[in-house]
Amino acid sequence: MPGAPIFTAVPTTKMIAMTSAAPDHYDQTTALIVVDVQNDFADPAGHLYVPGGEQVIDPINRQIRAARKAGALVVYTRDWHPADTPHFASHGGIWPDHCVRDSWGAAFHSGLIVEGEVVSKGTGSDDGYSGFRSLETDSGTPRSTGLEEHLRAANVERLVVVGLATDYCVKATVLDAAAKGFQVTVLTTAIRAVDLKPGDGDAALKEMAAEGATIR
């Protein structure tokens with residue numbers, strides 16, 4: 001059903017090398033949220049490449065290893081758009097066509113360790129950046145992606161957020177998480193900004209911090 005919350009279990013695609021020193025503290029009340037590390041954002045050949053997007057892969061993989069070693073939940077968000085959506089400039093939006101479902105651009109970057117669960121967003125006529133919710137284009141009615149419910153069911157209290165892009169999907173996800181009462185940490189080594197206007201990324205970090213997120 002278009003637009004319905006989609007959670008997918010992803011099988012192991014590569015061996016995960018464990019490290020003795022965790023880059024961050026993880027436990028079973030913590031979840032790592034990996035935001036939109038997809039080819040169209042993270043690969044220079046992508047349709048909506050985020051400058052430096054490929055540079056987040058190694059830092060994020062270190063976080064994934066640490067989270068998995070500690071038994072923490074790892075959730076990946078992804079844009080999963082239909083070919084025709086108001087999100088695209090060709091249909092009245094502001095962005096070029098990107099992350100069209102089942103395309104190369106929508107796939108996770110080949111260097112990313114992917115082992116966990118995936119929440120898809122923007123799957124129908126809905127629009128929005130947050131991993132927690134989207135908005136119906138016509139009515140503005142919010143639609144849950146199912147992420148909050150999943151985190152609550154797993155007794156998660158704290159989130160570590162990484163991925164792309166700082167000033168859009170990372171920011172929206174962090175602001176929603178903070179509003180829902182989660183403790184949120186954003187790792188600056190593992191995010192990059194679009195900076196459609198110079199300084200957008202820095203402004204996003206300040207906004208997230210003002211809402212209670214820890215910026216590291």
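Helices (H or I, at least four residues) and strands (E, at least two) are DSSP runs, numbered from the N terminus. On that basis the protein chain has five helices and 10 strands, and Asp-79 is found in strand β3. This is a predicted model, in which local features need pLDDT of at least 70, side-chain atom pairs count only at pLDDT 80 or more, and totals for chains, interfaces and linings use all residues. Residues are numbered from 1 along each chain as its sequence is written, and side-chain values use heavy atoms, with hydrogens and water left out.

**Burial and contacts across the chain**

- Buried means under 20% relative accessible area, exposed over 50%, and partly exposed in between (1.4 Å probe, protein chains only).
- Of the 216 residues in the protein chain, 50% are buried.
- Contact means heavy atoms within 4.5 Å.
- Among contacts between residues at least 6 apart in sequence, 75% join residues at least 24 apart.

- Asp-79 is buried, with a relative accessible area of 4%.
- A salt bridge is a side-chain nitrogen of Lys or Arg within 4 Å of a carboxyl oxygen of Asp or Glu.
- Lys-121 forms such a bridge with Asp-79, and the closest N and O atoms are 2.7 Å apart.
- Lys-121 lies in strand β4 and Asp-79 in strand β3, so the pair ties together parts that are 42 residues apart in sequence.
- Both partners, Lys-121 and Asp-79, are buried.
- A polar contact is a pair of N or O atoms within 3.5 Å; within protein, one must be able to donate a hydrogen and the other to accept it, and residues adjacent in sequence count only if both atoms are side-chain atoms.
- The side chains of Asp-79 and His-81 are joined by a polar contact of 3.3 Å.
- Leaving aside neighbours within four places in sequence, Asp-79 is in contact with Asp-36, Gln-38, Phe-41, His-98, Cys-99, Ala-106 and Lys-121.

**Other salt bridges**

- The count comes to seven salt bridges.
- Arg-68 pairs with Glu-115, with the closest N and O atoms 2.5 Å apart.
- Arg-68 lies in helix α2 (residues 57-70) and Glu-115 in the loop between β3 (73-79) and β4 (116-121), so this bridge ties together parts that are 47 residues apart in sequence.
- Arg-68 counts as partly exposed at 31% relative accessibility, whereas Glu-115 counts as buried at 15%.
- Glu-148 and Lys-180 meet through their side chains in a salt bridge (3.0 Å, N to O).
- Glu-148 lies in helix α3 (residues 147-153) and Lys-180 in the loop between α4 (166-179) and β9 (183-192), so the pair ties together parts that are 32 residues apart in sequence.
- Lys-180 is partly exposed, with a relative accessible area of 30%.
- Salt bridges that share partners join Asp-36, Asp-79 and Lys-121 into one network.

- Thr-173 lies in helix α4 and is buried, with a relative accessible area of 1%.
- A polar atom of the Thr-173 side chain lies 2.8 Å from the backbone nitrogen of Gly-131.
- Beyond neighbours within four places in sequence, Thr-173 is in contact with Val-35, Tyr-129, Ser-130, Gly-131 and Phe-132.
- Thr-185 is found in strand β9 and counts as buried at 7% relative accessibility.
- Thr-185 and Val-174 are 11 residues apart in sequence and 8.6 Å apart in space, C-alpha to C-alpha.

**Backbone geometry**

- The peptide bond from Leu-164 to Ala-165 is cis, with omega near -10°.
- Ala-165 is found in the loop between β8 (158-164) and α4.
- Asp-36 is not a glycine, yet has a positive phi of about 55°.
- Asp-36 sits in the loop between β2 (30-35) and α1 (39-42), and is buried, with a relative accessible area of 0%.
- Asn-155, also a residue other than glycine, has a positive phi near 60°.
- Asn-155 is found in the loop between α3 and β8 and is exposed, with a relative accessible area of 57%.

**Cavities**

- On a 1 Å grid over the protein atoms alone, a cavity is a set of points where a 1.4 Å probe fits but cannot get out; lining residues have an atom within 4 Å of a point.
- Grid points are joined across faces, edges and corners, and a volume is the space filled by probe spheres set on the points.
- There are two cavities of 30 Å³ or more.
- The largest cavity has a volume of about 130 Å³.
- Of the 13 residues that line the largest cavity, the closest to its centre are Phe-41, Leu-48, Tyr-168, Cys-169 and Val-194.

Key: On a 1 Å grid over the protein atoms alone, a cavity is a set of points where a 1.4 Å probe fits but cannot get out, and a pocket is an open set with protein on both sides within 12 Å along at least five of seven lines; lining residues have an atom within 4 Å of a point.
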